[in-house]
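Visitor: I would like to learn how to read a few features of a structure. Please show me the entry and take them one at a time.

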Amino acid sequence: MTDVIAPVAAKPSLLPAIKRGAREYGLLSSLLVIIVFFQIATGGALLQPLNLTNLILQNSYIVVMALGMLMVIVCGHIDLSVGSIVGVIGSIAAVLMVQYQFDFITVSLLCLFIGGFIGAAQGYWVAFWGMPSFIVTLGGMLIFRGATIAIGEGQSIGPFPAEFVALSAGFLPDPFQGQGLKVTSLVLGVLVVACFLWIEWRARRRVSKAGGEVMPLPLFALKHGILGGAIIAFCFMLATYRGLPTVLVIMCALIGLYTFIMNRTVIGRWIYAVGGNLKAAKLSGINTARVTFFTFVNMGVLAAVAGLIFAARLNSATPRAGSGFELDVIAAVFIGGASASGGVGKVMGVVIGAFIMGVLNNGMSIMGIGVDYQQMIKGAVLLAAVFVDVYQKNRA
Amino acid sequence: MSPHLLDMRGIQKSFGPVKALTSVNLQVGKGEIHAICGENGAGKSTLMKILSGVYPTGSYAGSISFDGEVRQFSDLRDSEALGICIIHQELALVPMLSITENLFLGHEIATRGVIDWSLAHRRAKVLLEKVGLHVSPQTRVNQLGIGQQQLVEIAKALGKDVRLLILDEPTASLNEKDSERLLELMLELKAKDITSIIISHKLNEISRVADGVTVIRDGTTVDVIDCRESPLSESRVVQAMVGRELADRYPGREPNLGEKQFEVEHWSVEHPERPGVDFIRDVSFFARKGEVVGIAGLMGAGRTELAMSIFGGSFGKNIRGTVRLNGQELRVRNVREAIDNGIAYATEDRKGAGLLLGDGIGRNVSLASLKSLARRWVINETEELGVGEGYKKTLRIRSPDLRQPVERLSGGNQQKVVLAKWLFSNPEVLILDEPTRGIDVGAKYEIYGVVNQVVAKGKTVIMISSEMPELLGTCDRIYVMNEGRFVGEFPIQEASQERIMHAIMKNEVIQ
C-alpha cells in the first residue's frame, strides 16, 4: 500500500515535444536567424516597409514556381525548363497585348493554357515513355529559350497595359484612401490569422479525437501565438507603406491551395506515394504515369503564372527574362527539405526555402556585396542545407 | 579419401538476433566435385559468402582451412588470391563490354596503364577454348545467351588460376542443352584437377557429377554423403533436406469449404524481357470459398509472376487465359480494376514494393483504398487514423504511435502493415506472396491466425511460399509449380514435403 505511482509518467512531458519541434522548425529558425543577421548588418534597412514590399515582389514568382517544382520533385523528377517557360510566356503575352492589343484577361488565360500545354508536352515523354525528366526538360529549356527570342525577335517588348501591370505591381485598394495606415491590409491580415488559427485548432482536435498524438497545449499556444503575431506584425508593416501587394494575395492563395492539395487530397497522397515507392504505388492501383504527367502539366501552368507576374513586374518582355530561375526554384525546394530521391517535401518548407534564398539575395544586395560573392554564398547555403538533411538521415 | 582442399568447421553466423548458421561443417577433397543441398533459407548462400570473404573473419565463428592452412579472409580479394572463385546465380558481367574486357576486368593486361589489346584478345581466345565457347572475344556480352554468359564467367575464373570453383545454382536459368554442356565442362575441369562446389536443387544433376554431397538444414550440416562408391540415393537427400518436425507452429482451423470462388484457366504469360516464349505456360487452377490454397515451388518457378500477372497484369506481356470470380469472367486491365473487383496481392518484397517506408501505419493501410476514405478527392484523415488504429489493435502491430515511419518497425510488424493494407481493400481473393519471409516465429503464428480469420469469412486465400512446412501447416490444398507450369496438386491429407519435392524433380505437368 505504500507504493505510490509517480504521476509524472502519465503527464506528457514537454521536453521531447520541444526537441521534436526544434527539428521540425529548424528551417524556420534558420530563416529567422538570417533575417536578424541582415537586419543588423544592413542597419535596419531589411525590414523597412519599402524593402519588405520589394522582397515580396522579387520573390513571388520563385515561390509560385517552387510550389509546382515541389510536386515534380516529390514525384521523383525535375523540371529544368521553367525559366524558359517564364520567358516564352512573357513574350507571347507581350506580342498579343502590346502588338495585337488583345485584352489582358483573355491573354492571361490563354497563357495559362499554353503553360499547361508545354508542361503536358514534356510530361508526356517522361510519364508515358519513361524518358529521364532531366533530359526532356533540358531539351525544353533550350527549345523555349530559343522560342522566347524568336517570338520577341530579340527585342524587348513593352510597355504593357496598366491593368495588367497592376496585377503584379499593384496593391490592394484602400476604401478610406488614407494617407497613413492602409486599414484593409491590416484587417485582411487579422482575418487570415484568425482563419489559420481556427483551421489549426480544428485539425488538432480532429487528430486528438482519433487518438493520434498532438502537440502539448502550451507549446501549441506558443507556436501559434508567435506565428499569428508575426503575420499581423508583417501586415502592419506593409500597411504603413502602400498596403498588401496584389501579388502577395495571389501567392498566399496559391500556398494555401497547394498545402491543401498535398496534405488532404487523394492526388496529393498519390504524388507522395509515387515518389516514395513507385512499385508499391503501382501495386496499390495508382496510375503512376498519369500522376507524373499531372505534376508536369501543373508545373507548366504555374510557370506561366510566374511568367505573367514577372512580365508585369518588368513592364516588358525581354529575351533573357527568366533565365536562371530554374536554379533558384530548385534550390528553394531542396533548401526547403525535399529529398532528391523523391517522396519527401512539404509546401511550407519550400516557401520558407524560397524566402531564405530571397532574403539572402536582398540582404546581400543592400550590403553592396558583389554578384560574384552572392553566387558563391548562395551555392554554399544550398550545399549546407542539403548536407544537414543527409547528415540527419544517416544518423537516424 | 584424398586430403581436403577445403575444411570449414563449426561455422556460426548471426544477423542481429537471427541465427543464420548454427553449426556448419564442410569438407571438400582435392579434385572432387562437391554438391551442397538445402532448402531456400537453409544457409547455403551465407556459407558461401563466408568462404569468399564477403563476411570477413571476425563476423562469424568457426575456422576455415584451405590447402592445409588456416585462412582469414578480410574481403573478396583475399579469397580470390588463393584461387577461390564464386559464380553467382545473377551473373556479374558488364553487358555492354566485350568478352575480353569482361574476362580481364580489374586485371587488365596493360603496361603502365595502356592496354595491350592484341595480347588480351589472344589470351581471351585461349580461355574461351578451354570452356568450349567458340565465339569472337570481341563480342559484346549482351549478345550472348545466358548459358554462354555463364561459360564466360567460368573462363574468367580460369583466367585467375582458379583452384576452387563455386557455382551457385548454375543451371537454374539454363535450358537442358546448356545445362548438359555445363555439367560436361565441370567434369572436364575435374580432369584438369580443378575442385568445384555446386549448389543445386536438381538432384539428377548432382547425382551425375558429384563425388560428395553436404546437406544443410536450418543452418546446420545434417548429412554428408559420399557417392563415389555407391550411387546417390535421392530419397536420402530429400529426407535430410526436409526432415524437420512439424511442431505446434500453426493455429488450427476447421476447414469449411464452399463452392468454387476463383478459377484461372489456361493462363499463359510471356516474360517482358524474353518475348516470344511463354514464361507461365498454360496454368489452370481454382480455389473454393473458405479455402487456403498453397502454391509450392522453388525460387524462380514463376509463382510470383503468375500471381502478379493475374493481379491486373502487373507482370508480363501477352497475357492469355481466363479468370473467373464466382462464375463471372473477370476482365481486368490494370491493378486498380483488379483491386476494385476483389483481388488483392500482398507482395513478397515488402520494403521494395509494399510499403511507403517513410510514412506511418495509417497512410500505408489506406494507400490501396484511398477513394473509400475520401469525399470528392478530399481524404478524411480522422477516418484514416481510425482505420490505422483499428488494424493496429486487431493485428497487434507493435508501434509507439500511428505516425511512426514503418521503416522503424520490425519485419513482422511491417508485414502486418502490408496485410492490413490488403485486408482494408476488402478482397474476395487474397494472394499472399511469401507472407512470413524473414520474420520471427511469434509474428508468423499471428499472421497464420489472420489467414484463418479471412477464410472463416468465406473468402479465399492463395498462399505462395518457399517454406514447405508453412504450406503443410496452413493450407487445405497445395499446388506445386516448376518452370512456369503446375507439376503437382495435393489435398492436404496427401501432401508431404517428400511428395512435393518429388513432384518438382519429376517435373511432369498435371492436367
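**Reading burial, packing and contact**

Guide: Glu80(B) is buried, because 20 other C-beta atoms lie within 10 Å, and the cut-off for burial is 20 or more. Bear in mind that this is a predicted model.

Visitor: Where is Glu80(B) placed?

Guide: Glu80(B) belongs to helix α2 of chain B, residues 76-81.

Visitor: Which residues is Glu80(B) in contact with, leaving aside neighbours within four places in sequence?

Guide: They are Cys85(B) and Lys160(B). The C-alpha atoms of Glu80(B) and Val162(B) are 8.0 Å apart, although 82 residues separate the two along the chain.

Visitor: How is a helix pair read, for instance α11(A) and α13(A)?

Guide: Look at the crossing angle, where 65 to 115 degrees counts as roughly perpendicular. The axes of α11(A) and α13(A), the latter spanning residues 288-314, come within 10 Å and cross at roughly 105°, so the two helices are roughly perpendicular to each other. From α11(A), the contact uses Ile267(A), Trp270(A), Ile271(A) and Val274(A); from α13(A), it uses Thr288(A), Val291(A), Thr292(A), Phe294(A) and Thr295(A). By class these are 6 nonpolar, 3 polar and no charged residues.

Visitor: How many residues does each chain bring to the contact between chain A and chain B?

Guide: Chain A brings 24 residues and chain B brings 30. On the side of chain A, α8 (183-209), α11 (266-276) and α12 (278-283) each supply at least two residues, and α11(A) gives the most, with 5. That side of chain A divides into 8 nonpolar, 9 polar and 7 charged residues.

Methods: Residues are numbered from 1 along each chain as its sequence is written. Chains are lettered from A and ligands numbered from 1 in the order in which they are written. This is a predicted model: local features need pLDDT of at least 70, side-chain atom pairs count only at pLDDT 80 or more; totals for chains, interfaces and linings use all residues. Two residues are in contact if their C-beta atoms, placed from the backbone, lie within 7 Å. Helices (H or I, at least four residues) and strands (E, at least two) are DSSP runs, numbered from the N terminus. Ala, Val, Leu, Ile, Met, Phe, Trp, Tyr, Cys and Pro count as nonpolar, Asp, Glu, Lys and Arg as charged, and the others, Gly among them, as polar. Axes are lines fitted to C-alpha atoms, for helices over the stretch in contact, and angles run from 0 to 180 degrees between N-to-C directions. Angles under 35 degrees count as roughly parallel, over 145 as roughly antiparallel, 65 to 115 as roughly perpendicular and the rest as oblique. A residue is buried if 20 or more other C-beta atoms lie within 10 Å of its own, exposed if 12 or fewer, and partly exposed in between; C-beta atoms are placed from the backbone.
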